[in-house]
Amino acid sequence: MLEGRREDARAHFTRAQSQTSRRTPEPLRARLAFELGAVLLDEGGTQAAESVVAWAESFSRRPSSDVLHLSALIADRRGRRGEAIAFYRRAIARAGAALSPLSRVLELRNLAETLAHESPAEALTMYRHALETLRAHELDPRAAPALHNGLAYAAICAGDLDLAQSELAAAARDATRLRLPLMKAYASYNRSIVAELRDELDEATAAIAEAQALSAAEKLRDLEAWCGIREAWLALKRKDRPAAERAAALARKLSGSGHAEALATLDAIFTLLDGDHLGAAKRLGDLAHAYLERSDLVTALALLLWRSVAYRKANAVKGAKAAAREACALRLRGPVRVSPSWWSRELLEAARLDGDGRCASDLLDTTVGILDVPRQGVEVIGDEIRVNGSALPSDAWQRRSGARVLRRLFALLAEAHPQLISRDELTDALWPESEGDKAVRNLYAATKDLRRVLAGSPGLRLVAREGGYVLETDSNVRFVSRSGERG
């Protein structure tokens, strides 16, 4: 298990299970159930892990600490967070009768991990207690790097970046000495978060590249996908949209169900950058409320503030204020200062502008945003877009809808600018032979693809409005006819 050879571990645990009987000491049998169930759970076998719980409980009416711990992990995996926390607390209460004090260490660690996004201060206390227990009983030192990593992450959630940095140094040092590549990769991943929150983007990018390389070398697919998501976010902060798209595409190839919400958040951010502000606001609101259902106050705070930003961009002031106030209200439920994910300068501005007076007072300050892209000169000539004098490359138009359709759609919108064109006019012009429903679906897909094309043209946006579409522009964009300037 510690060497990462999970298939071999599962085979050994299964053989051990086959050799147990009612004469096997209960603490040993329960510990075996936990180890085997945890391996099965990591492989996606929730029902298989539940069968191990049933097997263990068939020997005893009173579940032991390790079996309760496994039940907590299963509940956590199923998204039943309250149930998981109750199981964790029961497991810790009975840890004195477990096979080893290591059970208490692992139970404290997993409960702390569950609480980090709701109550960072409580999580910090539990991680510290777990480390103290590990040292006091002189238990396996290979458990220490995970505890240092977890403590560091809880410190990030609490806004204590100095503590996080010192714990990550300890995690990396111990992981290197004990040859635990997974823990070293997690230390690099978390170090990237600390550097980003300090506006040290070069250091953050180097750290996530290190974590990604370690993950790929050790075939840690889950962590590699998380690295791709974080790299995409950092690329947006560096104002490198193509790099963000590439990193997001790689993350999608590697992703599992556990990455779905983070990838959906990344898509919502792309939608915001592409100019569909109301669409982004809806997506961000839905995601924030999904996180709230799991009591993830930290991520929900960030996404609600991003929702406020999106509404403000759409000139929907009431929506912006409502979203910001909802975010600020979360701070009454816990001392939330920062989110390890999606934190940006725009969020502090939203809290100050549209939240209540005290909302932004102790939020973790950051000066780097993703919307403050330097304005390049953009010219539109028919179906051609030039950025700083250079036409968009032909491969930028190569999307699923087809370059010819996208150029024709853009030319129609450019010719009508600043007026909008109705959906019916566009479908009749682009797909005159298609039936109504099919033409509407084609148009929806084409407008989505066109927004992706326009992402490379700062200040030029496609917006849905009043049953049609229109190009919106900033002051850096001008429309030029073949014979001269039009506006």
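Me: Which hand does the link of Cys328 and Cys359 have?

Reply: In this predicted model, the link of Cys328 and Cys359 is left-handed, with -95° about the S-S bond. The S to S distance of this disulfide is 1.9 Å.

Me: Where in the chain do Cys328 and Cys359 sit?

Reply: The pair links distant parts of the chain, 31 residues apart. Cys328 belongs to helix H17 (residues 317-330), while Cys359 lies in the loop between helix H18 (345-354) and strand E1 (378-381).

Me: Is Cys328 buried or exposed? And Cys359, buried or exposed?

Reply: Cys328 counts as buried because its relative accessibility is 5%, under the 20% cut-off. Cys359 has 3% relative accessibility, so it also counts as buried.

Me: What about Cys157: how far away is the nearest cysteine sulfur?

Reply: The nearest cysteine sulfur to that of Cys157 belongs to Cys227, 17 Å away, and Cys157 is in no disulfide. Cys157 counts as buried because its relative accessibility is 0%. Cys227 is likewise in no disulfide, and it is buried at 0% relative accessibility.

Me: How many disulfides does the count come to?

Reply: The count comes to one disulfide, that of Cys328 and Cys359.

Me: What is the lining of the second largest pocket like by class?

Reply: The lining has 20 nonpolar, 14 charged and seven polar residues.

Me: Now the whole chain. How many helices and strands are there?

Reply: The secondary structure comprises 21 helices and seven strands. The C-alpha atoms fill a box of roughly 90 × 50 × 40 Å along the principal axes.

Me: What share of the residues is buried?

Reply: Of the 487 residues in the chain, 52% are buried. The chain exposes about 22,700 Å², and carbon and sulfur atoms supply 49% of that area.

Me: And what share of the contacts with a separation of 6 or more comes from residues 24 or more positions apart?

Reply: Such residues account for 62% of those contacts.

Terms used: Residues are numbered from 1 along each chain as its sequence is written. This is a predicted model: local features need pLDDT of at least 70, side-chain atom pairs count only at pLDDT 80 or more; totals for chains, interfaces and linings use all residues. Side-chain values use heavy atoms; hydrogens and water are left out. Ala, Val, Leu, Ile, Met, Phe, Trp, Tyr, Cys and Pro count as nonpolar, Asp, Glu, Lys and Arg as charged, and the others, Gly among them, as polar. A disulfide is a pair of cysteine sulfur atoms within 2.5 Å. Helices (H or I, at least four residues) and strands (E, at least two) are DSSP runs, numbered from the N terminus. Buried means under 20% relative accessible area, exposed over 50%, partly exposed in between (1.4 Å probe, protein chains only). Contact means heavy atoms within 4.5 Å. Accessible areas come from the Shrake-Rupley method with a 1.4 Å probe; for residues, only the protein chains shown count as cover.
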